[in-house]
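Trainee: I have the sequence and the fold on screen. Can we go through the terms and test each one against its value?

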Amino acid sequence: MIAPDLEQLRADIPESAARAAHSWTSHVPEERGEQERTGYARSLIYDFERLSEFATSELKQTDLAREFERYRAGYRRRYLAYLAARSRCASTMITGGSGFNVARNDKANRSADKHSGDLSEYRKRALAAIRKVLTPELAPIMKGDSDAAERLEDKIAKAEALQERMRACNAAIRKHAKAGESAQVAALVALPYGFTEGAARELLKPDSCGRIGFADYELTNNNANIRRMRSRLAEVERAHAMPSADVQGVHARLEDAPAENRVRLYFPGKPSAEVRSQLKSVGFRWAPSQGAWSAFRNHNTLTTARAVAGVS
């Protein structure tokens, strides 16, 4: 993707605002103002180029264009707020020492520092959020995800392929050990796994314990991971096969949704502080979009939900 134009981004920051930010702290506020505008633009171009590395498909590029414009608007708003706060800061080299209000200037400096910190924090949070949008495949697989089973099956298949690859490599290395390194390299390159000669030679370099190829612990750990994922897949499939339950209790309505891995409580009004504290202690949180207290489904949340709702 093509990065945003430098001059278009510089135009986000009015010359007057950038210049005013240094009117009382610099002998060359116009020059410093132009540096502010250019710095703002270059920061956004850098961020866009870094994010573009994750936009590996046409759909992701569309997502990036949308999310970046939202980020740009938020960054511009906070940058202008920082410049406004900076414009209230002064230096005795510019104003002179006579009648200089030190306390007021200290307050202005603290305000500018706070806005600078807010800008940095926003940038960090916003970029992380955009990366999540662009790489949904890297998100943790939750039991309640609609595609949890499919994603687990895909991860299991890849882990099993890796296990097969490691075993085949080690077998080839052992089989041609007497023929020497050149024969081992040729055997590895001949395997249907796309090994280059350089990668094959790397595999034949002894590690700190003198082992070549893939170490036993790598196969053992990968195999254990496969078993763990298969167990999770079985749990997900069982949960998705269970029907939801909706029960009206004495105090609230209880919704048990195994396929979503959620337990929800619907109260006729705001529950008491004691009840809210009890719910929070086991992981319930208020979900305004659903009008319910919601938590991940497990023994503790189900038991607490039944007790609080008054379901026998």
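Trainee: How many aromatic pairs does the structure hold?

Mentor: Nine aromatic pairs. Keep in mind that this is a predicted model.

Trainee: Why is the pair of Y71 and Y75 called tilted?

Mentor: Set the values against the cut-offs. The ring centres of Y71 and Y75 are 5.7 Å apart, and pairing asks for centres within 6.5 Å. The planes of the two rings stand at 50°. Stacked needs under 30 degrees and edge-to-face over 60.

Trainee: Where do Y71 and Y75 lie?

Mentor: Both are in helix α4, residues 58-86. Four residues separate Y71 from Y75, about one turn of the helix. Y75 and Y79 are also four residues apart in α4, again about one helical turn.

Trainee: How do you know that Y75 and Y79 are buried?

Mentor: Buried means under 20% relative accessible area. Y75 has 4%, so Y75 is buried. Y79 has 8%, so Y79 is buried as well. Y71 is buried too.

Trainee: Which residues do the ring pairs link into a cluster?

Mentor: Y40, F48, F68, Y71, Y75, Y79, Y82 and Y122.

Trainee: What does Y71 touch?

Mentor: Leaving out residues up to four places away in sequence, Y71 touches L44, D47, Y122, R123, A126, L127 and I130.

Trainee: Which residues have the most contacts inside the largest nonpolar core?

Mentor: That core has 24 residues, and those with the most contacts inside it are L44, L51, L64, F68, Y71, Y75 and Y79. Helices α3 (29-52), α4 and α6 (102-134) each supply at least two residues of the core. The most come from α4, with seven residues.

Trainee: What do the buried residues of α6 pack against?

Mentor: They pack against α3 and α4. Among the buried residues of α6 are L119, Y122, A126 and I130.

Trainee: What sits over the ring of Y122?

Mentor: The charged end of R78, 3.9 Å from the ring centre. The cut-off is 6 Å, and the charge must also be within 35 degrees of the ring normal. R253 lies over the face of Y266 in turn, at 4.1 Å from the ring centre.

Trainee: Is R151 buried or exposed?

Mentor: R151 is buried, because its relative accessible area of 17% is under 20%. R151 is found in helix α7, residues 148-175. Among the residues R151 touches are P136, E137 and D145.

Trainee: Why is E235 called partly exposed?

Mentor: Its relative accessible area is 32%. Buried is under 20% and exposed is over 50%. The value lies in between, so E235 is partly exposed. E235 has its place in helix α10, residues 216-241.

Trainee: Now the strands. In which sense do β1 and β2 pair?

Mentor: Antiparallel, over four bridges. D246 stands opposite E255 in β2. A hairpin of four residues joins β1 to β2.

Trainee: How many bridges join β2 to β3?

Mentor: Five, and these strands run antiparallel. L254 stands opposite L265 in β3. Four bridges join β3 to strand β5 (residues 292-296), also antiparallel.

Trainee: What makes β3 mostly covered?

Mentor: Four of its five residues are buried.

Trainee: What makes N261 stand out?

Mentor: Its phi. Most residues other than glycine have a negative phi. N261 is not a glycine, yet its phi is positive, about 60°. N261 is in the loop between β2 (253-257) and β3 (262-266). At 10% relative accessibility, N261 is under 20%, so N261 counts as buried.

Key. Residues are numbered from 1 along each chain as its sequence is written. This is a predicted model: local features need pLDDT of at least 70, side-chain atom pairs count only at pLDDT 80 or more; totals for chains, interfaces and linings use all residues. Side-chain values use heavy atoms; hydrogens and water are left out. Rings of Phe, Tyr and Trp (its six-membered ring) pair if their centres lie within 6.5 Å; planes under 30 degrees apart count as stacked, over 60 as edge-to-face and the rest as tilted. Buried means under 20% relative accessible area, exposed over 50%, partly exposed in between (1.4 Å probe, protein chains only). A nonpolar core is a set of buried Ala, Val, Leu, Ile, Met, Phe, Trp, Tyr and Cys residues joined through side-chain atoms within 4.5 Å. Contact means heavy atoms within 4.5 Å. Two strands pair if DSSP finds at least two bridges between them.
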